[in-house]
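Reader: I would like to learn how to read the features of a protein model, step by step. Could you take me through one, giving the general idea before each case?

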Amino acid sequence: MTITGAVQRTASPVASQGLEGNGAGDGVALRASLRDRAAAIEAAVDALIPAMPGPEARVVDAMRYATLGGGKRLRGYLVAEVAALFAESAEADARAYRVSASVEMLHAYSLVHDDLPAMDDDDLRRGQPSTHRKFDEATAILAGDALQTRAFEILAETATHSDAVVRTDLVLALARASGAAGMVGGQMIDMEGEGRSLSLDEVRHLHALKTGRLIQYSAEAGAILGQATAEQRERLAAYGRDIGAAFQIADDVLDATASAEELGKTAGKDLAAEKSTFVALLGVDGARREAEALALRAAEALAPFGEKAERLRDLARYVVERRS
C-alpha cells in the first residue's frame, strides 16, 4: 500500500483500540493494515474538514470532534482495501482515502444523531462524551447535518475521480445506502421496535438497513473507484453485505457480554431498551454461530481475487472475533 507524504502519520492509540490480541486469520498483517489505513483515513478527514475561524467555527469544531480521534475505521478501510484490488499507486490511494473519509463522515453524522436524547440517548461515544454532551444538542444536530452534506460534496469533487460517471455512481450508491431505504430506514425500524418483540427475519432486515447497508456501500465504493466489472462489483457488494450482518451480530454479542470500558460506550443498552436482538432471539452461542457462518460466506465471495484479497478475508474473521 502506498501512502503519500500527506498521510504518513502514526495511528492514535484510540484508532488502534481493540485490534491488539485479535486472533483472526493473519492477525499481525491485518492489525498492521488496519493501523496504516486508519492513520491515512484520519489524515484525510483532518485535511477535508479543516478548522476555521469565524462565527461558524463552533459547528466545524463539533464536526471534527465527532469524526477525528478514533474508531475502527472499518468502513473507510473497506473502501481503500477493495480499491487496492484494482489499482495501487499514490494517485489511486489519494482518491480512495477521499472516499474513505467521506463514508466516515457519513457514519459519524449517524452516530452524532443516534446519541441524541430523542434517539438512543447515549452520553458516551468511543470512550468520550457524545457530541451533544461535549457541545450542546443544537450544535450536535447541525454538525451531523454538515457532516452528511460534506460527505456528498467530497464524492462530487473532481479530485475524487476524473470520470464523472464514477463520481455519480458513488453519490448515488451512498444516497441509496444512507436514506430511508437504507441506514435511516433501519434506525426508524429500530426505534419503533423498542418494547415489542420482532421476529428473527425482522431483526435481520432492520440491521441489514441500519448497519449493513453502509458497510456494503463501503465495499462497493472501492469497486466503483476501481471501475470493476458488473460481476466483480456484485461479489464485493455480497462480501460487504455479509460482513455488515456479521458485524452487527457481533455488536449484539458485545452489548450483552462486554464492559463499557471495552466498548467505549454504554453497555447493556439493548436489554435496557427491551430491543429484539440476535442475542435475545438466538442466545449468545447461537448468535456467534450465525456471525461465523456469515463471515465464512463473505470470504468465499472473494475467491476470484486470489491472494490480493487476503486482508479482506482476515477482516471477515476479525469482525466476529473483536472485543470492541
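Reader: Are glutamate 104 and arginine 73 buried or exposed?

Author: A residue is called buried when its relative accessible area is under 20%, exposed when it is over 50%, and partly exposed in between, with a 1.4 Å probe and protein chains only. Here glutamate 104 is buried, and arginine 73 is buried too. Please keep in mind that this is a predicted model, in which local features need pLDDT of at least 70 and side-chain atom pairs count only at pLDDT 80 or more, while totals for chains, interfaces and linings use all residues. Residues are numbered from 1 along each chain as its sequence is written, and side-chain values use heavy atoms, with hydrogens and water left out.

Reader: How do the side chains of glutamate 104 and arginine 73 meet?

Author: Side chains of opposite charge can pair when their charged atoms come close. The term salt bridge is used for a side-chain nitrogen of Lys or Arg within 4 Å of a carboxyl oxygen of Asp or Glu. Glutamate 104 and arginine 73 form such a salt bridge, at 3.4 Å from N to O. Because glutamate 104 lies in helix α5 (residues 90–114) and arginine 73 in the loop between α3 (57–67) and α4 (74–83), the pair ties together parts that are 31 residues apart in sequence. Helices here are DSSP runs (H or I, at least four residues), numbered from the N terminus.

Reader: How many salt bridges does a search of the whole structure find?

Author: The search finds 22. Some are linked in a network, which joins Arg98, Arg150, Glu153 and Glu157.

Reader: Where do arginine 204 and aspartate 201 lie?

Author: An α-helix has 3.6 residues a turn, so residues three or four places apart point the same way. Both arginine 204 and aspartate 201 belong to helix α10 (residues 200–225), three residues apart, or about one turn of the helix, and their side chains meet in a salt bridge of 3.3 Å, N to O. Arginine 204 counts as partly exposed, at 33% relative accessibility, whereas aspartate 201 counts as exposed, at 56%.

Reader: Which salt bridge does glutamate 220 make?

Author: Its side chain meets that of arginine 233 at 2.8 Å, N to O. This pair links distant parts of the chain, with arginine 233 in helix α11 (residues 230–257) and glutamate 220 in helix α10, 13 residues apart. Glutamate 220 is buried, with a relative accessible area of 14%, while arginine 233 is partly exposed at 27%.

Reader: Which residues touch the most other members of the largest nonpolar core?

Author: A nonpolar core is a set of buried Ala, Val, Leu, Ile, Met, Phe, Trp, Tyr and Cys residues joined through side-chain atoms within 4.5 Å. The largest one has 44 residues, and Leu170 and Tyr217 touch the most other members. Helix α5 gives the most to this core, with 10 residues. Contact means heavy atoms within 4.5 Å, and leucine 170, leaving aside neighbours within four places in sequence, is in contact with residues including Val99, Leu155, Tyr217 and Ala221.

Technical notes:
Helices (H or I, at least four residues) and strands (E, at least two) are DSSP runs, numbered from the N terminus.
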